[in-house]
Amino acid sequence: MEKNLSQTAYQEACKLIPGGVNSPVRSLRSVGAEPLFIQKASGTILTDIDNQHYIDYCLSWGVHLHGHAHPAITKASIATLRKSSSFGISSPLEAQLAGLVIQSVPSIEKIRFVSSGTEAVMSSIRLARAWTGRDLILKFDGCYHGHADHLLVNAGSGVAGIKSASSAGVPEDFVRHTLSIPFNEIKTVRKVFDKKGYSIAAVIIEPLPANMGVIPPEAGFLEELRELCTRHGSLLIFDEVISGFRLGPGGAQEWYTVRPDITALGKIVGGGYPAAAFGGKTEIMDQLAPLGAVYQAGTLSGNPVAMAAGYESLQLALKEGFYNRLNERSRQFGNELRKLIQGKDIQLNQVGSLFTFFFSSTPVKNFNHASNTNTLQFGRFYRAMLEQGIYLSPSPFEASFLSAAHTDRQLNKTLRAIHKSIKTI
Ligand SMILES: *Cc1c(COP(=O)(O)O)cnc(C)c1O
């Protein structure tokens, strides 16, 4: 493929921006490729500045449930934008989107909007600490909760390769109050609760982890977490920044029928704009300023364009049969994928419209397993797919996504490309 303009753009960007990117995974380093430079995207098709087309299965990390530049979402965004891109004062659009979220997510009674998933999680943690009067946070290896200092401990996503404090510049004192233990190991959770239960402010978890690749919770795992938290007066925080409005209106908590105390949302809920949210029981949420003593704020929080776009996205998703169709098509696609990898040392982990290929001969059920998969082989597979115009999420530790916009033709083309890519590696 001719990539002249992209290569030049990358070289230029590298002079001005560290690594040429504004978020590390975009560099495609972990798959041994060079970053794409995009001029436009529509539906599921990305067009780079060299006019190469790619079928997109990353979809801005799952944001575009309806595909890029969906006409109704674009229209709502532009109509709002004409009235100003930001008021810095309340508008009715905020309560309108809040109403839709609260009606959809069973455990949310009140909600506050912020500008990123990182903030949603940061504020959820502060709230849980204030509510319980405790400091300790329990998380799980390979779960990613944004880039705040105290959660960069054995984290997934772009920091999946880095051990313990997942970043330089994070003081030991900051991570002292964060315990990270293996996912899907309820015995270890019990042990921690036996020893420290009464000092745990919150357990935070991706109820369906997608930042170490997709790794479903084993039967009973989330249920027992819920019970341990309740028994010890700790809050259960579900980080549904990816799973929210991805699996269904009520996200993973509805899918697995386990209710958290606080939920963090992002990605889909912002309709493609920098918006995210956290919510939960009224008495907990009312601890936030200006009602309570927990400070939380944001210049662009509840941004009108984002609220309008989020509202339109959710309206489309909440139409009769939307999730049934998406999940059923995803299931059929998954069945075809499984045929292609049968007898090979490849695992397909899939839940609903989220999926990850792991190059491994054994099932992948936690971060340790994921870390031991053949990431070099994944890189070769990834590059072969890219050559054929398929853009999967660019890391062995990320989820790829189906959207309502993928056509049967595109899915079939993708299956053929996978068949060929597996043969070449
Ligand atoms: C993307 C993500 C975040 C961080 O959201 P940002 O908007 O990138 O700050 C947090 N948690 C999970 C589960 C995510 O997938």
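**Salt bridges, aromatic pairs and a charged patch**

Biologist: What separates Arg231 and Glu227 in helix H8?

Modeller: About one helical turn separates Arg231 and Glu227, because these residues are four apart in helix H8. Please bear in mind that this is a predicted model.

Biologist: And how far apart are the closest N and O atoms of Arg231 and Glu227?

Modeller: They are 2.6 Å apart, and the two residues form a salt bridge.

Biologist: Is Glu227 buried or exposed, or something in between?

Modeller: Glu227 is partly exposed, since its relative accessible area is 44%.

Biologist: How many salt bridges does the count come to?

Modeller: The count comes to eleven salt bridges. One of them joins Lys365 to Glu218, with the closest N and O atoms 3.5 Å apart. That pair links distant parts of the chain, as Lys365 and Glu218 are 147 residues apart.

Biologist: Where do Lys365 and Glu218 lie?

Modeller: Lys365 is in the loop between E12 and helix H13 (367-371), and Glu218 is in the loop between strand E7 (200-205) and helix H8 (221-232). Lys365 counts as partly exposed because its relative accessibility is 40%. Glu218 is also partly exposed, with a relative accessible area of 35%.

Biologist: Turning to helix H12, how many residues apart are Glu328 and Arg331?

Modeller: Glu328 and Arg331 are three residues apart in helix H12, about one turn of the helix. Their side chains meet in a salt bridge at 2.9 Å, N to O. Glu328 counts as partly exposed at 32% relative accessibility, and Arg331 is partly exposed with a relative accessible area of 43%.

Biologist: Which residues do salt bridges that share partners join into one network?

Modeller: Arg226, Asp261 and Lys281 are joined into one network in that way.

Biologist: New topic. How many aromatic pairs does a search of the whole structure find?

Modeller: The search finds 16 aromatic pairs. Among them is Tyr57 with Phe355, whose ring centres are 6.2 Å apart. The planes of these rings meet at 70°, so the pair is edge-to-face.

Biologist: Which parts of the chain does that pair link?

Modeller: Tyr57 sits in the loop between strand E3 (53-56) and helix H2 (59-62), whereas Phe355 belongs to strand E12 (residues 354-358).

Biologist: Are Tyr57 and Phe355 buried or exposed?

Modeller: Tyr57 is buried because its relative accessible area is 0%. Phe355 is buried as well, with a relative accessible area of 3%.

Biologist: What kind of aromatic pair do Phe333 and Phe355 form?

Modeller: Phe333 and Phe355 form an edge-to-face pair, 5.9 Å centre to centre and with 70° between the planes. Phe333 lies in helix H12 (residues 322-341) and Phe355 in strand E12, so the pair ties together parts that are 22 residues apart in sequence. Both Phe333 and Phe355 are buried.

Biologist: Which residues form one aromatic cluster?

Modeller: The cluster is formed by Tyr57, Phe333, Phe355, Phe357, Phe359, Phe378, Phe381, Tyr382 and Tyr391.

Biologist: Finally, which residues gather in a patch of positive charge on the surface?

Modeller: That patch gathers Lys187, Lys191, Lys195 and Lys196. Lys191 lies in helix H7 (residues 186-196).

Biologist: Why does Lys191 count as exposed?

Modeller: Lys191 counts as exposed because its relative accessibility is 63%, and the cut-off for exposed is over 50%.

Technical notes
Residues numbered from 1 in each chain as written. Predicted model: local features only at pLDDT ≥ 70, side-chain atom pairs only at ≥ 80, totals over all residues. Heavy atoms only, no water. Patch = residues over 30% accessible without salt bridge, like charges linked within 9 Å, V, L, I, M, F, W, Y side chains within 5 Å. Areas by Shrake-Rupley, 256 points an atom, 1.4 Å probe, with all protein chains shown as cover. Salt bridge = Lys/Arg side-chain N within 4 Å of Asp/Glu carboxyl O. Lys, Arg positive; Asp, Glu negative; His and termini not counted. Charge placed at Lys NZ, Arg CZ, Asp CG, Glu CD. Helix = DSSP H or I, 4+ residues; strand = E, 2+ residues; numbered from the N terminus. Buried < 20%, exposed > 50% of the residue type's maximum accessible area, 1.4 Å probe, protein only. Phe/Tyr/Trp six-rings, centres within 6.5 Å; stacked < 30°, edge-to-face > 60°.
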